[in-house]
Amino acid sequence: MSLVSYEFLAFFAVAAILYYVVPKRFQWILLLAVSFLFYAGGGAVYLLYPMITAVSTWFLALWIGRMDSEAQTYIKEQKPDKEQKKAYQARVKKHKKCLMTAGILLNFGILAVLKYTDFLLGNLNVLFHLQEGAVLQVSWVLPLGISYYTFQTMGYLIDVFRGRCRPEKNLLRFMLFVTYFPQMVSGPISRFDQLKKELFEEHSFDGTQFTFGLWRILWGFFKKLVIADRIAPAVAMITAAPDIYDGIYVLVGMLGYTLQLYTDFSGCMDIVIGVSQCFGIRLPENFQRPFGAKNLSELWRRWHMTLTGWFREYIFFPVSTSRFCRTVSRFAGKLGLNKAAKKLPVYIANLIVWFVTGIWHGAAWGFILWGLANGIAMMVSQELTELYRAFHRRFPKSDGSVYGAFQKVRTCLLFSGLLMFQYYPFQTVFAMLGNLLATGRLSQLFDGRFAELGLAAADFIVIAVGLVLMLVIGVLQETGSVRQKLAARPLVVRFTAVFLLFVMVLVAGCYGHGYDASQFIYNQF
Amino acid sequence: MDELLEILNDINPDADYETNDHLVDDEILTSFELVMLVTQIRDVFDVSIPSEAIIPENFNSVEAMMRLIGRLKEDE
Amino acid sequence: MRWKKPVCVLLLAALGVIVIAGLQRLLMPKYMGQVVEGNLTSEYYEETTPHDVVFLGNCEVYENISPIVLWREFGITSYIRGNAQQLIAQSYYLLEDTLKYETPGIVVFNVSAMQQFDQNNESYNRMTLDGMRWSASKWNAIRTTMMEDEHMIEYIFPILRFHSRFAELEADDLTYFMKSGKVAHNGYYLRADVRPAGDMPVERRRSDYSFDPRSWEYLERIRALCENNGIQLILMKAPSLYPAWYDQWEIQIEEYASEHNLLYINCLEAVDEIGIDFSQDTYDGGLHMNVYGAEKLSRYLGPFLLGAGADDHRDDAELAAVWAEKGLFYDSMKAQQEEEFAQFGYLKQFTTEE
């Protein structure tokens, strides 16, 4: 069930009514039932996958938790001396680590097999020059949201191992954490210690929260239906035909693709978080005005934040402080490469994280290269940091707003440019970039190719209005919640603002007959 | 304490470490810098900071870092 | 001042509803250009006098029969509830709908719709159904015939379907904002241009000539509904050259008619008797009659209808006055089209500029 369908709206409406009608202690059970229904809508068989993940993770986490408490009892009662205690603790930790590893292997294994078998087979086919027709492919259907709930549950397992959160005893409660329907399909990736309070406490109807939730949903619909889906066909045409759309169109495609990606995904998040807010459950934010960032790594701290946070916490820090990295670093130190010794662990971990980020986004070389390119760009900018600092010391006035704007534009262009790896074949990325720089002229916009994109004058007006609106909202957000500001205005102002937005979605949204019912881009990960 | 300040100034000289207690939240120390910091603390103070301890609360201020180092030393 | 806020909220809500209703009306197609058929269903509700005969069917009725001729030459009052590709289920529900307003003595159902139960073009559904007044009949008509990617809610709030027209609004949308113009003559779509019938596509043999069981079911429902209301049901097949009407189909319909003691008029077999000249009496090469063909067919059908019990109402002063007005509209449209066709060789409204 797509989040932008009549069915979903009806589903949500019924769920919301029931949620505030049932006795409060049953609210979470209702959410669980509704989540199951939601998921089963795509085929009940697929419920099996999240169930395997939920049950296995719940069980292993509980086991790890029991070992912890047994260890505590042992130390309390037996009062071992320091050496004994250390040895005992090491033994327990090793056991716990085994359990955690088993859980991680099982669940990431399922994800890997389902998601990457075809990719692997495809590469083998190429490697061994299999004839066409003899190509091996399995074409397994990915269960909805598998990349999201797998990451979320594995984060939980690691947190329990680290002692950061206590294991959940009630399997049903844990299942709600895994399958909570607003977030299951496209995230955000929540942490158990943050979400559990929200999920299981009793929620009374709060008119303000509910209204805010609805406003947020409307804003998400606006981004998704009015902007993302409107530009999607044109963007697809440009990015799929680099031989026709060259020159300035490389830039148009780049920016269009970025805009589409952002409005599609962040719009989806607005709907998800808004729906959840209507239930009184706060989900973590996934975007924080990413295009206000002044450099690429800052942008990535504001874009798909729960995923990058996951990678930072569970891959980047552990890998960079791992024994392997330490050894490499020492080795470099011995060779007299002191600077490299300091940076090597960071850079190794960085490349691993970005490789995984790439492959998480899609089982294809384009995504992997895109990930690695981001990683490399960040390392280059890290290397240049000293230069920047020297530059700023030399020209202290360069911190002004003009330079800030320049930084933002530069960062946005870099981010968009790197996305070329996602849609152009690898060997053409640099050629297209060169083509843009060498032959790109603004006049090409009027050479007739633009007209073939299928965008009418009305579309451009809508897109322009949409962009201005997003910009205004973005600026307003810098000084606090836009919805709170709106709520403080008189009724007539509030009504007019929300009503106009509603009418724009209603009239200018790309939905229904004549528009292809389009999925969210981030659904299939 | 001075050793720590030296490491910090080496990593990013553009901050006032003695007064600022939002170093991570203000993104003065980003993940790159945190890892370099952890590596050098290990070399200089001879304590290894486990990756799960790399959380903002432990690195937002110089005092917090000193507390962390002290705690870890005690555990060893 | 406690009353102030609720009143404000109510006022704003009312304003919102009005604005959206206005937008919806603005965005809905007015069907006043090349395609006018979207107005056929709704025009029925403007009738002020009852009808002896109601015709049900697709283009084979609404383009082939002239109620004006039936009135002028036989005194029969009739109405055509037909639409482009009107499915048999839609005919049934339109009959149900009609019975809410009147009970005609005779219903004539054109059987060509038996051959296809499911809709294959969403816009035909919209043209047939959007004009219907809301009732259980409309709901059921939509539910039975909507295509897979259609939604009931898009019929309840047509703006959800037609909102994409915001980019292609034209002068007509304002001109006919309050009300569409009158396009038909008691459901009859008048065309006075001529395009002789040429070669028709070769008849393809079919592997299976049986009608969809659901078509039979709805034919049966139409029959039962007529029977229960004391209406005489007549089946007819219009003299359209294409799409083909197979002998195998003919036999089944003949059997059904005799089994239920129904009159069945196959006009295809009476083309000569009717006097249809396919070089003169069709406007689109033989698919549909123009006004000359329709008038001939009406003259042919008149005696059957009188024989089935339709009355000659020409003495009724009230009816005569109403129909005189209809006749004026008919004559003026016919004359205007004839003049235009004589001058240009085509009708501007129904042709696209190169």
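In chain A, the axes of helix 6 (residues 171-179) and helix 8 (residues 192-200) come within 11 Å and cross at roughly 110°. The two helices are therefore roughly perpendicular to each other, a term for angles of 65 to 115 degrees. This is a predicted model, in which local features need pLDDT of at least 70, side-chain atom pairs count only at pLDDT 80 or more, and totals for chains, interfaces and linings use all residues. Residues are numbered from 1 along each chain as its sequence is written, and chains are lettered from A in the order in which they are written.

**Helix 6 and helix 8 of chain A**
- Helix 6 of chain A contributes Arg173(A), Leu176(A) and Phe177(A) to the contact (C-beta atoms, placed from the backbone, within 7 Å).
- From helix 8 of chain A come Phe192(A), Leu195(A), Lys196(A), Leu199(A) and Phe200(A).
- These residues divide into six nonpolar, no polar and two charged.

**Chain C**
- Chain C holds 15 helices and five strands (DSSP runs of at least four residues, H or I, and at least two residues, E, respectively).
- The C-alpha trace of chain C spans about 80 × 50 × 50 Å along its principal axes.
- Of its 354 residues, 38% count as buried (20 or more other C-beta atoms within 10 Å of their own).

**Chain A and chain B**
- In chain A, 18 residues are in contact with 14 residues of chain B.
- Helix 11 (296-302), helix 12 (305-320), helix 14 (338-361) and helix 15 (365-394) of chain A each supply at least two residues of the side that touches chain B.
- That side of chain A divides into six nonpolar, five polar and seven charged residues.

Conventions. Axes are lines fitted to C-alpha atoms, for helices over the stretch in contact, and angles run from 0 to 180 degrees between N-to-C directions. Angles under 35 degrees count as roughly parallel, over 145 as roughly antiparallel, 65 to 115 as roughly perpendicular and the rest as oblique. Two residues are in contact if their C-beta atoms, placed from the backbone, lie within 7 Å. Ala, Val, Leu, Ile, Met, Phe, Trp, Tyr, Cys and Pro count as nonpolar, Asp, Glu, Lys and Arg as charged, and the others, Gly among them, as polar. A residue is buried if 20 or more other C-beta atoms lie within 10 Å of its own, exposed if 12 or fewer, and partly exposed in between; C-beta atoms are placed from the backbone.
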